[in-house]
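Biologist: I have a structure on screen and would like to learn how to read it. Where do we begin?
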Amino acid sequence: MGNFMLFFSLGILGDAFSKMFSFLGDIFGGLFSFLGKIFGGLFSFLGNLFKNLFGVIWDVIKWIGKVLAKLFQNLLDVIIGFFKVIYALIDGLLYLLYMIGVLAIKLFLVIFEAAKVLYSFIVGFVKTLGSLAYSPRSTGGNGYSEMIGKLFKNLEVLQLNSVAYILLFVLWFTTAIMAIKLLSSIRVGGD
């Protein structure tokens, strides 16, 4: 009977340990389940907290970036506008200098051409007056120079020889007076 008791006491002992380990398993399982729920909730709360906190921080960083971008864009627009005005002013001044140069060249050309015309007029007037020489000898029908003689010869058809000579002299003389008046009305340095 000794064996039976031994099996019986082992069965009671095994049953007691089984219940004890089952009880401890339930306690520790409940404790770990409780702690898991608490820490899971805590970590979930902390995760959501940091997620929202970093979301707010990221939104603040984006807002600051947008504000700085608008500020620098406005500042850049002001600087670009300032330099556009400076560029337009320089462009206008250079164009003014260019146009003053063009005007000076055109004025020089006009004065040069007027001087050439005046020189030609004076040379022509002097040659004409120089060709009006009376010689007592006869050289082709009249006593004047060869050029006037040709003019008289061509005007003999109209019989206006003496009138043509007087009109020629009056024409040259009037032109000379008008040229002298024109030159005397031009003042150096303006009015």
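Modeller: Begin with the order of the elements. From the N terminus, this protein chain runs α-α-α. Keep in mind that the model is predicted.

Biologist: How many helices and how many strands does the protein chain have?

Modeller: Three helices and zero strands. Helix H1 covers residues 2-131, helix H2 covers residues 146-155, and helix H3 covers residues 161-185.

Biologist: Where in the protein chain is confidence lowest, and where is it highest?

Modeller: Look at pLDDT, the predictor's confidence in each residue. Where it is low, the predicted coordinates should not be read in detail. Here, the mean for the protein chain is 78, and 75% of the residues reach 70 or more. Helix H2 has the lowest confidence, with a mean of 67, while H1 has the highest, at 83.

Biologist: What share of the residues counts as buried?

Modeller: Buried means under 20% relative accessible area. Of the 191 residues in this chain, 8% pass that test. The chain exposes about 16,300 Å², and carbon and sulfur atoms supply 76% of that area.

Biologist: What do contacts tell me about positions along the chain?

Modeller: Check how far apart the partners sit in the sequence. Take the contacts with a separation of 6 or more: residues 24 or more positions apart account for 40% of them.

Biologist: Now the pockets. What is the volume of the largest pocket?

Modeller: About 340 Å³. Next, read its lining. There are 13 lining residues, and Ile111, Ala114, Ala115, Leu183 and Ile186 lie nearest the centre.

Biologist: Which helix gives the most to that lining?

Modeller: H1, with eight residues. Helix H3 also supplies at least two.

Biologist: And how many lining residues are nonpolar, polar or charged?

Modeller: Sort them by class. The lining has 12 nonpolar residues, one polar residue and no charged ones.

Conventions:
Residues numbered from 1 in each chain as written. Predicted model: local features only at pLDDT ≥ 70, side-chain atom pairs only at ≥ 80, totals over all residues. Heavy atoms only, no water. 1 Å grid on protein atoms, 1.4 Å probe; cavity = no way out; pocket = protein on both sides within 12 Å on 5 of 7 lines; lining within 4 Å. Points joined across faces, edges and corners; volume = space filled by probe spheres on them. Helix = DSSP H or I, 4+ residues; strand = E, 2+ residues; numbered from the N terminus. Nonpolar A, V, L, I, M, F, W, Y, C, P; charged D, E, K, R; others polar. Buried < 20%, exposed > 50% of the residue type's maximum accessible area, 1.4 Å probe, protein only. Contact = heavy atoms within 4.5 Å. Areas by Shrake-Rupley, 256 points an atom, 1.4 Å probe, with all protein chains shown as cover. pLDDT = per-residue confidence, 0-100.
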